[in-house]
Amino acid sequence: MARDERVLRRQARAVQAGLLGAREERVGVVRPLLFTQRGGAGSRHGCAACRASCARGRARDAARRRSPRRGLSLHRRARAPRTGLSPAHRGTHRGRARVLPPRWRPSPRTRGGRCARRAPARASASRGQGARGPVRECRSSSRCRAARARSGSPRARRTRGTARSGPPRCVAGPRAWRRDLVSAAPCARISSAEVLRLYDTRRRETFAFRPRGRTVTMYVCGVTPYDTTHLGHARTFLVFDVLARLLESGGVAVRYAQNVTDVDESILQRAARDGVDWRALGRREERAFLDDMDRLGWRRPDVMPHATREIPTMRGLIDQLIARGAAYRLEGSVYFSVARAPHYGELSRYSRAKMRRILAEQDDARLDDPRRRDPLDFALWRRVPSGPAWPSRFGAGRPGWHLECSAMALRHLGDHIDIHGGGSDLVYPHHENEIAQSETATGTRPFVTFWLHAGPVRLGGRKMSKSDGNMVFVRDALARGTPQALRLYLLDRHYRRPFDHVEDRLAKARTRAAALADRLAGAPMGPIGGDAATREVLTALEDDLHTERAIRAVERLARRAPPTTLASLAALARTVLGIY
Ligand SMILES: [Zn+2]
């Protein structure tokens, strides 16, 4: 088992940034890509060819900064070289990675195709929901015009959720950069399988995912460390782990932030019960959480901000909300006025009565002042009778939980986030309140393009939770099997569906993982190329992250596929799914 853990760690730990310690508060960290390492600033490499390549890269990046091309399409899995370096030099560069992977550029192999040469990537004028991400467009090529005329159906395929204007377009998808597609069909259309599609909770529909910038920003609500990591935590974070790995395997840079709520009523209560310092309890449990997740091969977030170290940011956000008239002071506390958020309730779509019912069941409801203007108003800053408190111009107190995530997300990822995730139990009030605070403070809407929520893990029909005490711990599950087996087990159901823990299925997952390891053992780690096996697995993942279909495909193909495809399957199973 120790060897299995080492294998996973080696694959997932491309980045060790933003962990415990001073570095976690870095802003604007340029993190090396999972795969792509190209010489740049700080490159140690000295050969003339590579220096020239680095210089060209710097010039290109400078040009891009002057005129940023925003909104990359995903998954340009052309078999072009990943780097501008010769294969012999690849991996030797440890310079700062470019956020735009070189695979974006048409490879020399595709330049014979007219579309490839004549179709510059265009930035869409508008962004956000309903905006069209850049696609390879080709309007002027005579071959393309002829192909459109022949097809008799000039309308290019558009994905749902995209705006449309102007004349019909010929759209060639990311994978059309492969030479076979380009040469066979000058204006190959995108099929649904070639675009990552994700379900957005706010819009209640599945849309093509188009990041707004060169780097995909992803924020996931993290843990309140006061107890051991259970399968519910692990499943939620593994879903976003696979999503980040999938994006990075397509050559897209990801900036992933996940908070640690290291001061909270539940921590304080547990510390008081156990007679330990609340800080020591938080640190101990956080380290245990990171250790458990490391054993599972978790791709750690690039930044893990802690609530207690972001207090100045939170106070600043409160000031902004007060200045905009969206917050009011009440006896040393500050409340957000939901009446000032016109879209309040759009995420959960709950009635006021249901919201009030849920709020009444919350642990910290008793801390709220009944004199609020509206019972749905929530605390941004609370005056607390006892326990740790921080000074502010409103009086000593503690920040509200919802405010923490807004402040950290805005600080570390900016006014707009591509993907915001968490458990489905966070939709209301936590994420609803996050939207209200963030959009009101920044004036930017939407705050998040895609809200992704993972279904709960249940035991005996009840949600596995610390508060109910019905938990199966990750370390207990790992004691009886490999991390690959536990990943396979937890990812073997679509992330939006509830997951019922059954010991028999976990035992079966161990057998399945062992069989997969046997079949793929000895297979070289090949590129995630354009073969049929790769396509089938990726199609499942790109369709709203159907990990269970992807896993079944990997297992079936590993049993039946010719040995030539095992290399790409092995790479997919290890680098994207982490089950081998
Ligand atoms: Zn949160």
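This is a predicted model: local features need pLDDT of at least 70, side-chain atom pairs count only at pLDDT 80 or more; totals for chains, interfaces and linings use all residues.
Residues are numbered from 1 along each chain as its sequence is written, and side-chain values rest on heavy atoms, with hydrogens and water left out.

Helices (H or I, at least four residues) and strands (E, at least two) are DSSP runs, numbered from the N terminus. Cysteine 221 counts as buried at 6% relative accessibility, and cysteine 405 is likewise buried, with a relative accessible area of 0%. The term buried denotes under 20% relative accessible area, exposed over 50%, and partly exposed the range in between (1.4 Å probe, protein chains only). When a disulfide is taken as a pair of cysteine sulfur atoms within 2.5 Å, the count comes to zero disulfides.

The largest nonpolar core was examined next. A nonpolar core is a set of buried Ala, Val, Leu, Ile, Met, Phe, Trp, Tyr and Cys residues joined through side-chain atoms within 4.5 Å. The largest such core has 78 residues, of which Leu231, Leu243, Ile419, Leu486, Leu520, Val537 and Leu569 touch the most other members. Helix H6 supplies the largest share of this core, eleven residues. Because domain 1 (37–96 + 101–199) and domain 2 (316–454) both give residues to the core, it lies between them; the domain bounds come from an automatic or database domain assignment. Leu569 is also one of the buried residues of H18. That helix (residues 566–577) is mostly covered, with twelve of its twelve residues buried. Glycine 578 follows H18 and has a positive phi, near 70 degrees.

The structure holds ten aromatic pairs. Rings of Phe, Tyr and Trp (its six-membered ring) are paired if their centres lie within 6.5 Å, and planes under 30 degrees apart count as stacked, over 60 as edge-to-face and the rest as tilted. Phenylalanine 237 and phenylalanine 289 form an edge-to-face pair, because their ring centres are 5.6 Å apart and their planes stand at 75 degrees. This pair connects distant parts of the chain, with phenylalanine 237 in helix H6 (residues 231–249) and phenylalanine 289 in helix H8 (residues 278–295), 52 residues apart. At 3% relative accessibility, phenylalanine 237 counts as buried; phenylalanine 289 is also buried, at 3%. Together with Trp298, Phe237 and Phe289 form one aromatic cluster.

Two arginines lie over aromatic rings. Arginine 203 lies over the face of phenylalanine 450, at 5.2 Å from the ring centre, and arginine 373 over that of tyrosine 328, at 4.0 Å. The criterion requires NZ of Lys or CZ of Arg within 6 Å of the ring centre and within 35 degrees of the ring normal. Tyrosine 328 lies in strand E7 (residues 327–330) and is buried, with a relative accessible area of 6%.

Several backbone features complete the description. The peptide bond from tyrosine 428 to proline 429 is cis, with omega near 5 degrees, and proline 429 is found in helix H12 (residues 427–442). A cis peptide bond also joins arginine 445 and proline 446, with omega about 0 degrees; proline 446 is placed in the loop between H12 and strand E12 (448–454). Arginine 204, although not a glycine, has a positive phi of about 55 degrees. This arginine 204 is in the loop between strand E3 (197–200) and strand E4 (205–208) and counts as partly exposed at 29% relative accessibility. Aspartate 544 has a positive phi near 55 degrees and is found in the loop between helix H16 (532–542) and helix H17 (547–560). Aspartate 544 is buried, with a relative accessible area of 2%.
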